[in-house]
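Visitor: I would like to learn how to read the features of a structure, one at a time. Could we begin with the aromatic rings?

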Amino acid sequence: MRISFGEFTLDTESRELFRDGQAVHISPKAFLLLEALLERRPAAVPKSVLKDRLWPSSHVSEASLASLVAELRSALTDDAREPRFIRTVHTYGYSFCGTTDAPPPAAAASGRRDERICRLVWRDREITLADGENLLGRDRQAVVWIDSATVSRRHARIVVTDGEAVIEDLGSRNGTSVGGEKIQGPVRLADGDRLRLGAATMTFRVFRSSETLPDADSR
């Protein structure tokens, strides 16, 4: 299969990467990394999943993965601060953020499988969470905008990957709680979990795409 993005084309059969028709040298593991990110685009892929795929049955440090990401970015002439293709999801993993000439695998399969849809219920709103990073806070650019003085501008984030959601506090002033317990690191969410950000409380819900869903807010 050939997948094109920008001036690049990845050929999974010949195991080659091309730029404007010319072969680009990357190591076999860098090729595997790019392939893994493209397979799950635009979702963020956890570091643990990438390490298991790239170094099966071996224990490696996060520095090894970071070095491989740097190699791939160099081959793609990508900038970590303003990424065109490889986005860092801090403390979590990486995602492919570019535009390709083919729909994401999840979109292509959406008509064939029962997908999990993650939402937050807050007051009279239901907000659908997209695959990847979803910012919660007082920042008006946040996916979940919370107009409360007790909530920080960038209070927390929820990263959704294949219908699984992980919440993490972003160093907020008043903290984030799940099920009444203040979190100290990333926490996987379950359907029905009660979240508290400052004085704002909301409920995390998971639906199936086969269900008839209530209308959701776009923000």
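Guide: Gladly, and keep in mind that this is a predicted model. A search of the whole structure finds five aromatic pairs. To read a pair, look at the distance between the ring centres and at the angle between the planes, since planes over 60 degrees apart count as edge-to-face. The rings of Phe5 and Phe85 have centres 5.1 Å apart and planes at 75°, so this pair is edge-to-face.

Visitor: Which parts of the chain does the pair of Phe5 and Phe85 tie together?

Guide: Phe5 belongs to strand 1 and Phe85 to the loop between helix 3 and strand 6, so the pair joins parts that are 80 residues apart in sequence. Phe5 is buried, at a relative accessible area of 0%, and Phe85 is buried too, at 3%. Phe85 also pairs with Phe8: the ring centres are 5.9 Å apart and the planes stand at 90°, so that pair is edge-to-face. Phe8 is in strand 2, so here the parts tied together are 77 residues apart in sequence. Phe8 counts as buried, with 1% relative accessibility.

Visitor: Which residues form one aromatic cluster?

Guide: The cluster consists of Phe5, Phe8, Phe85 and Phe96.

Visitor: How should I read a nonpolar core?

Guide: The general idea is that in soluble globular proteins, nonpolar side chains tend to be buried together. In this model the largest nonpolar core has 29 residues, and Phe5, Leu17, Leu33, Leu34, Leu76 and Ile86 are those with the most contacts inside it. Two or more residues come from each of strand 1, strand 2, helix 1, helix 2, helix 3 and strand 7. Helix 1 (28-39) gives the most, with seven residues. Apart from this core lies another, of 23 residues, including Ile127, Val178, Ile183 and Val206.

Visitor: If I pick Leu76, which residues is it in contact with, leaving aside its neighbours within four places in sequence?

Guide: Leu76 touches Phe5, Phe8, Leu17, Leu34, Arg84, Phe85 and Ile86.

Visitor: Let's turn to charged side chains. How many salt bridges does the structure hold?

Guide: There are 16 salt bridges. Asp139 and Arg153 meet at 3.1 Å, N to O. Asp139 is in the loop between strand 10 and strand 11, and Arg153 in the loop between strand 11 and strand 12, so the pair ties together parts that are 14 residues apart in sequence. Asp139 is buried, with a relative accessible area of 15%, whereas Arg153 is partly exposed at 47%.

Visitor: Where do Arg188 and Glu164 lie?

Guide: Their side chains meet in a salt bridge of 3.7 Å, N to O. Arg188 is in strand 16 and Glu164 in strand 13, so to speak distant parts of the chain, 24 residues apart. Arg188 counts as exposed, at 55% relative accessibility, and Glu164 as partly exposed, at 30%. Salt bridges can also form a network, and one links Arg15, Glu35, Glu39 and Arg53.

Visitor: How do I read a sheet?

Guide: Follow the order of the strands and the sense in which they pair. An open sheet of five strands runs 11-10-12-13-16, with mixed pairing. Strand 11 and strand 16 are at the edges with a single partner strand each, so one side of each has no neighbour in the sheet. Strand 12 and strand 13 pair in the antiparallel sense over six bridges, and Arg157 has Glu168 in strand 13 as its bridge partner.

Visitor: And what does a hairpin look like here?

Guide: Take strand 6 and strand 7, which pair in the antiparallel sense over four bridges. Arg87 has Ser95 in strand 7 as its bridge partner. Three residues stand between the strands of this hairpin, where Thr91 takes a positive phi near 65°.

Visitor: Is Thr100 buried or exposed?

Guide: Thr100 counts as buried, at 18% relative accessibility. Its place is in the loop between strand 7 and helix 4. A polar contact of 3.4 Å joins the side chains of Thr100 and Arg41. Leaving aside neighbours within four places in sequence, Thr100 is in contact with Ile3, Ser4, Phe5, Leu38 and Arg41.

Terms used
Residues numbered from 1 in each chain as written. Predicted model: local features only at pLDDT ≥ 70, side-chain atom pairs only at ≥ 80, totals over all residues. Heavy atoms only, no water. Core = buried A, V, L, I, M, F, W, Y, C linked by side-chain atoms within 4.5 Å. Buried < 20%, exposed > 50% of the residue type's maximum accessible area, 1.4 Å probe, protein only. Contact = heavy atoms within 4.5 Å. Salt bridge = Lys/Arg side-chain N within 4 Å of Asp/Glu carboxyl O. Polar contact = N/O pair within 3.5 Å; in protein donor to acceptor, adjacent residues only side chain to side chain. Pairing = 2+ DSSP bridges. Phe/Tyr/Trp six-rings, centres within 6.5 Å; stacked < 30°, edge-to-face > 60°.
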